Amino acid sequence: MLWSRLRRGRSAPRLPLPGPCWHRRHTLRTERLLLYTPETMLDFLAAVAAASDPEAQRWLGWGVRNVVDAPAREELLRLRPGDTDALRASRTAGRLLAQPYEPRPGGEEMLIGVCLDDGRYAGATGLAPGTGEVGGWLAPHARGLGLGTELFRAAVVLGHAHLGLRTLRAGYEPANTASGRALANAGFVAADGPPRHTLPDGREIDARWLQHTTTAPPVRCPGAAPLPA
(Lines give C-alpha, C1' and ligand atoms only; values in the text may rest on other atoms or scores of the structure.)
Protein backbone atom coordinates (compact mmCIF):
# COMPACT_ATOMS: atom_id res chain seq x y z
CA MET A 1 0.00 0.00 0.00
CA LEU A 2 1.36 3.41 -0.94
CA TRP A 3 2.12 5.64 2.04
CA SER A 4 -0.18 8.62 1.87
CA ARG A 5 -0.20 10.13 5.38
CA LEU A 6 1.61 13.37 4.70
CA ARG A 7 0.61 15.36 7.78
CA ARG A 8 2.63 15.15 10.98
CA GLY A 9 -0.12 16.45 13.26
CA ARG A 10 -2.19 19.56 13.85
CA SER A 11 0.70 21.53 15.31
CA ALA A 12 3.37 20.13 12.97
CA PRO A 13 4.19 20.98 9.36
CA ARG A 14 3.15 18.81 6.45
CA LEU A 15 5.78 16.60 4.93
CA PRO A 16 6.98 18.43 1.83
CA LEU A 17 5.82 17.32 -1.59
CA PRO A 18 7.73 17.83 -4.84
CA GLY A 19 7.18 21.36 -6.06
CA PRO A 20 8.81 24.80 -6.08
CA CYS A 21 11.96 25.06 -3.95
CA TRP A 22 12.58 27.90 -1.50
CA HIS A 23 15.35 29.05 0.86
CA ARG A 24 17.60 26.00 0.44
CA ARG A 25 14.62 23.69 0.75
CA HIS A 26 14.46 21.06 -1.96
CA THR A 27 12.07 18.14 -2.45
CA LEU A 28 12.40 15.26 -4.91
CA ARG A 29 10.69 11.97 -5.49
CA THR A 30 11.95 8.74 -7.00
CA GLU A 31 10.03 5.55 -7.60
CA ARG A 32 10.24 4.46 -3.96
CA LEU A 33 11.57 7.45 -2.01
CA LEU A 34 10.44 10.91 -1.00
CA LEU A 35 13.54 13.05 -0.45
CA TYR A 36 13.56 16.49 1.11
CA THR A 37 15.75 18.96 2.95
CA PRO A 38 15.36 18.22 6.69
CA GLU A 39 12.79 20.53 8.22
CA THR A 40 13.19 19.65 11.90
CA MET A 41 15.89 18.26 14.16
CA LEU A 42 13.91 15.02 14.16
CA ASP A 43 14.57 14.73 10.42
CA PHE A 44 18.24 15.59 10.83
CA LEU A 45 18.93 13.21 13.73
CA ALA A 46 17.03 10.42 11.99
CA ALA A 47 19.36 10.91 9.03
CA VAL A 48 22.37 10.65 11.34
CA ALA A 49 20.86 7.61 13.06
CA ALA A 50 20.48 5.87 9.71
CA ALA A 51 24.28 5.77 9.41
CA SER A 52 25.22 5.30 13.07
CA ASP A 53 25.42 1.50 13.14
CA PRO A 54 28.82 -0.25 13.00
CA GLU A 55 28.34 -1.49 9.43
CA ALA A 56 27.78 2.01 8.08
CA GLN A 57 30.56 3.50 10.18
CA ARG A 58 32.99 0.95 8.77
CA TRP A 59 32.75 2.91 5.53
CA LEU A 60 31.93 6.43 6.75
CA GLY A 61 34.22 6.69 9.78
CA TRP A 62 32.51 9.63 11.51
CA GLY A 63 33.86 8.76 14.97
CA VAL A 64 31.95 7.85 18.11
CA ARG A 65 31.19 11.47 19.05
CA ASN A 66 29.27 12.05 15.83
CA VAL A 67 26.92 9.06 15.83
CA VAL A 68 23.64 8.31 17.61
CA ASP A 69 23.87 5.64 20.32
CA ALA A 70 22.07 2.33 19.84
CA PRO A 71 18.91 2.89 21.96
CA ALA A 72 18.18 6.30 20.44
CA ARG A 73 19.08 5.01 16.98
CA GLU A 74 16.56 2.18 17.22
CA GLU A 75 13.84 4.53 18.44
CA LEU A 76 14.42 7.09 15.68
CA LEU A 77 14.50 4.51 12.90
CA ARG A 78 11.23 2.96 14.03
CA LEU A 79 9.46 6.28 13.52
CA ARG A 80 7.42 7.22 10.50
CA PRO A 81 7.50 11.01 10.07
CA GLY A 82 3.94 11.04 8.77
CA ASP A 83 2.54 8.86 11.59
CA THR A 84 0.95 11.32 14.01
CA ASP A 85 0.13 8.75 16.70
CA ALA A 86 3.67 7.36 16.88
CA LEU A 87 5.23 10.81 17.04
CA ARG A 88 2.91 11.85 19.85
CA ALA A 89 3.78 8.70 21.77
CA SER A 90 7.52 9.35 21.55
CA ARG A 91 8.83 11.95 23.98
CA THR A 92 12.06 12.18 21.96
CA ALA A 93 10.21 12.72 18.68
CA GLY A 94 7.94 15.39 20.14
CA ARG A 95 10.89 17.38 21.47
CA LEU A 96 12.90 17.16 18.26
CA LEU A 97 9.89 17.90 16.06
CA ALA A 98 9.52 21.27 17.77
CA GLN A 99 13.08 22.29 16.85
CA PRO A 100 13.46 23.59 13.27
CA TYR A 101 16.48 22.54 11.22
CA GLU A 102 18.37 25.33 9.49
CA PRO A 103 20.98 24.44 6.84
CA ARG A 104 24.43 25.64 7.87
CA PRO A 105 25.62 28.64 5.80
CA GLY A 106 28.09 27.37 3.23
CA GLY A 107 27.45 23.78 4.28
CA GLU A 108 26.42 20.80 2.23
CA GLU A 109 22.92 20.34 0.88
CA MET A 110 21.24 17.33 2.49
CA LEU A 111 18.22 15.34 1.39
CA ILE A 112 16.68 12.88 3.82
CA GLY A 113 14.91 9.89 2.29
CA VAL A 114 11.59 8.42 3.44
CA CYS A 115 10.27 5.14 2.03
CA LEU A 116 6.99 5.64 0.19
CA ASP A 117 5.72 2.14 0.96
CA ASP A 118 6.01 2.10 4.76
CA GLY A 119 6.82 5.74 5.58
CA ARG A 120 9.99 5.03 7.58
CA TYR A 121 13.17 7.08 7.45
CA ALA A 122 15.39 5.33 4.88
CA GLY A 123 18.66 7.28 4.74
CA ALA A 124 20.12 10.47 3.31
CA THR A 125 22.34 11.93 0.65
CA GLY A 126 24.51 15.03 0.86
CA LEU A 127 26.15 17.26 -1.75
CA ALA A 128 28.88 19.86 -1.19
CA PRO A 129 28.15 22.76 -3.60
CA GLY A 130 31.74 24.00 -3.52
CA THR A 131 33.29 20.73 -4.70
CA GLY A 132 30.35 18.85 -6.18
CA GLU A 133 31.16 15.85 -3.96
CA VAL A 134 28.26 13.51 -3.28
CA GLY A 135 27.80 11.13 -0.36
CA GLY A 136 24.98 9.01 0.93
CA TRP A 137 23.86 6.16 3.15
CA LEU A 138 20.89 3.94 3.92
CA ALA A 139 19.41 2.77 7.21
CA PRO A 140 19.88 -0.94 7.98
CA HIS A 141 16.28 -1.82 7.09
CA ALA A 142 16.61 -0.07 3.70
CA ARG A 143 19.79 -1.78 2.50
CA GLY A 144 19.97 -4.49 -0.13
CA LEU A 145 16.85 -3.28 -1.93
CA GLY A 146 18.40 -1.17 -4.68
CA LEU A 147 17.48 2.09 -2.96
CA GLY A 148 21.09 3.31 -3.11
CA THR A 149 20.70 3.81 -6.85
CA GLU A 150 17.58 5.94 -6.30
CA LEU A 151 19.35 7.90 -3.57
CA PHE A 152 22.25 8.81 -5.86
CA ARG A 153 19.94 9.53 -8.80
CA ALA A 154 18.23 12.08 -6.58
CA ALA A 155 21.64 13.58 -5.75
CA VAL A 156 22.30 13.90 -9.49
CA VAL A 157 19.04 15.80 -9.99
CA LEU A 158 19.79 18.00 -7.00
CA GLY A 159 23.28 18.82 -8.26
CA HIS A 160 22.53 19.41 -11.92
CA ALA A 161 18.94 20.63 -12.01
CA HIS A 162 18.72 22.46 -8.67
CA LEU A 163 22.23 23.71 -7.89
CA GLY A 164 23.51 24.23 -11.43
CA LEU A 165 26.62 22.05 -11.11
CA ARG A 166 27.99 20.55 -14.33
CA THR A 167 30.14 17.89 -12.64
CA LEU A 168 29.50 15.80 -9.54
CA ARG A 169 32.08 13.56 -7.88
CA ALA A 170 31.86 10.65 -5.47
CA GLY A 171 34.48 8.49 -3.80
CA TYR A 172 34.14 5.05 -2.26
CA GLU A 173 36.30 2.32 -0.80
CA PRO A 174 36.83 -0.52 -3.32
CA ALA A 175 35.66 -3.10 -0.79
CA ASN A 176 32.34 -1.26 -0.53
CA THR A 177 30.92 -2.89 -3.63
CA ALA A 178 27.34 -1.88 -2.79
CA SER A 179 28.20 1.83 -2.96
CA GLY A 180 30.22 1.39 -6.15
CA ARG A 181 27.36 -0.48 -7.80
CA ALA A 182 24.73 2.06 -6.72
CA LEU A 183 26.80 4.96 -8.04
CA ALA A 184 27.42 3.20 -11.35
CA ASN A 185 23.72 2.41 -11.72
CA ALA A 186 22.99 6.09 -11.08
CA GLY A 187 25.18 7.03 -14.07
CA PHE A 188 28.51 7.81 -12.41
CA VAL A 189 31.61 6.79 -14.38
CA ALA A 190 35.26 6.29 -13.42
CA ALA A 191 37.30 9.45 -12.81
CA ASP A 192 40.76 10.42 -11.61
CA GLY A 193 41.29 11.05 -7.93
CA PRO A 194 43.71 10.43 -5.06
CA PRO A 195 44.21 6.70 -4.41
CA ARG A 196 44.06 7.19 -0.63
CA HIS A 197 41.50 9.04 1.47
CA THR A 198 41.40 9.94 5.17
CA LEU A 199 38.08 9.49 6.96
CA PRO A 200 36.91 11.88 9.71
CA ASP A 201 38.00 9.40 12.40
CA GLY A 202 41.56 9.45 11.03
CA ARG A 203 41.53 6.09 9.24
CA GLU A 204 43.22 6.10 5.83
CA ILE A 205 41.57 3.94 3.18
CA ASP A 206 41.96 3.04 -0.48
CA ALA A 207 39.68 5.15 -2.67
CA ARG A 208 38.12 5.03 -6.10
CA TRP A 209 36.51 8.06 -7.70
CA LEU A 210 33.57 8.49 -10.02
CA GLN A 211 31.90 11.48 -11.63
CA HIS A 212 28.63 12.45 -13.24
CA THR A 213 28.60 15.24 -15.81
CA THR A 214 25.97 17.03 -17.85
CA THR A 215 26.22 19.11 -21.00
CA ALA A 216 22.86 20.75 -20.42
CA PRO A 217 22.86 24.47 -19.62
CA PRO A 218 23.25 25.13 -15.87
CA VAL A 219 19.95 25.34 -14.02
CA ARG A 220 19.53 26.75 -10.53
CA CYS A 221 16.24 26.60 -8.69
CA PRO A 222 14.97 29.60 -6.70
CA GLY A 223 15.83 27.87 -3.43
CA ALA A 224 19.50 27.29 -4.25
CA ALA A 225 22.06 29.15 -2.17
CA PRO A 226 24.78 31.13 -4.00
CA LEU A 227 27.76 29.00 -4.93
CA PRO A 228 30.98 29.66 -2.98
CA ALA A 229 33.21 32.25 -4.63
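What follows is a conversation about the terms used for this predicted model.

Colleague: Let's start with rings. How many aromatic pairs does the structure hold?

Modeller: The structure holds two.

Colleague: Why is the pair of phenylalanine 44 and tyrosine 101 called stacked?

Modeller: Their ring centres are 5.2 Å apart, and the angle between the planes is 15°.

Colleague: What makes phenylalanine 44 partly exposed, and is tyrosine 101 buried or exposed?

Modeller: Buried means under 20% relative accessible area and exposed over 50%, with partly exposed in between. Phenylalanine 44 has 23%, so it lands in between. Tyrosine 101 has 12%, so it counts as buried.

Colleague: And why is the pair of tryptophan 62 and tryptophan 137 called edge-to-face?

Modeller: The ring centres are 5.1 Å apart and the planes stand at 85°. Planes over 60 degrees apart count as edge-to-face, so that's the name here. Tryptophan 62 is in the loop between helix H2 (54-60) and helix H3 (70-78), and tryptophan 137 is in strand E5 (residues 133-138), so the pair ties together parts 75 residues apart in sequence. Both tryptophans are buried.

Colleague: How do you know that arginine 25 lies over the face of tryptophan 22?

Modeller: Arginine 25 is at 5.9 Å from the ring centre.

Colleague: Which residues does leucine 33 touch?

Modeller: Leaving out residues up to four places away in sequence, leucine 33 touches Leu28, Val114, Cys115, Leu116, Ala122, Leu147, Glu150 and Leu151.

Colleague: What makes E4 largely enclosed?

Modeller: Seven of its eight residues are buried, so the rest of the structure largely encloses E4.

Colleague: How do you know that E4 pairs with E3?

Modeller: E3 and E4 share six bridges in the antiparallel sense. At least two bridges are needed for a pair, so they qualify. In one of those bridges, valine 114 has tyrosine 121 of E4 as its partner. The two strands form a hairpin with five residues between them, and glycine 119 in the turn has a positive phi of about 80°.

Colleague: How many bridges join E4 and E5?

Modeller: Six, again antiparallel. Threonine 125 stands opposite glycine 136 in E5. In this hairpin four residues lie between the strands, and glycine 132 takes a positive phi near 75°.

Colleague: Which residues of helix H7 (residues 177-185) are buried, and why are they said to be on the same side?

Modeller: The buried residues are Gly180, Ala182 and Leu183. They cover an arc of only 165° around the axis, which puts them on the same side of H7. They pack against helix H6 (147-162), strand E6 (167-172) and strand E10 (208-213). H7 is followed by glycine 187, whose phi is positive, near 100°.

Colleague: In what sense do E6 and E10 pair?

Modeller: E6 and E10 are antiparallel, over six bridges, and leucine 168 has histidine 212 in E10 as its bridge partner. Strand E7 (residues 189-191) also pairs with E10 in the antiparallel sense, over three bridges.

Colleague: Last one: why is glutamate 31 called exposed?

Modeller: Its relative accessible area is 68%, and exposed means over 50%, so the label holds. Glutamate 31 is in the loop between strand E1 (27-29) and E2. Even so, it touches Leu116 and Glu150, leaving out residues up to four places away in sequence. The C-alpha atoms of glutamate 31 and glutamate 150 are separated by 7.7 Å, though 119 residues lie along the chain from one to the other.

Definitions and conventions: Residues are numbered from 1 along each chain as its sequence is written. This is a predicted model: local features need pLDDT of at least 70, side-chain atom pairs count only at pLDDT 80 or more; totals for chains, interfaces and linings use all residues. Side-chain values use heavy atoms; hydrogens and water are left out. Buried means under 20% relative accessible area, exposed over 50%, partly exposed in between (1.4 Å probe, protein chains only). The arc is that of the directions from the helix axis to the C-beta atoms. Contact means heavy atoms within 4.5 Å. Rings of Phe, Tyr and Trp (its six-membered ring) pair if their centres lie within 6.5 Å; planes under 30 degrees apart count as stacked, over 60 as edge-to-face and the rest as tilted. A charge sits over a ring if NZ of Lys or CZ of Arg is within 6 Å of the ring centre and within 35 degrees of the ring normal.
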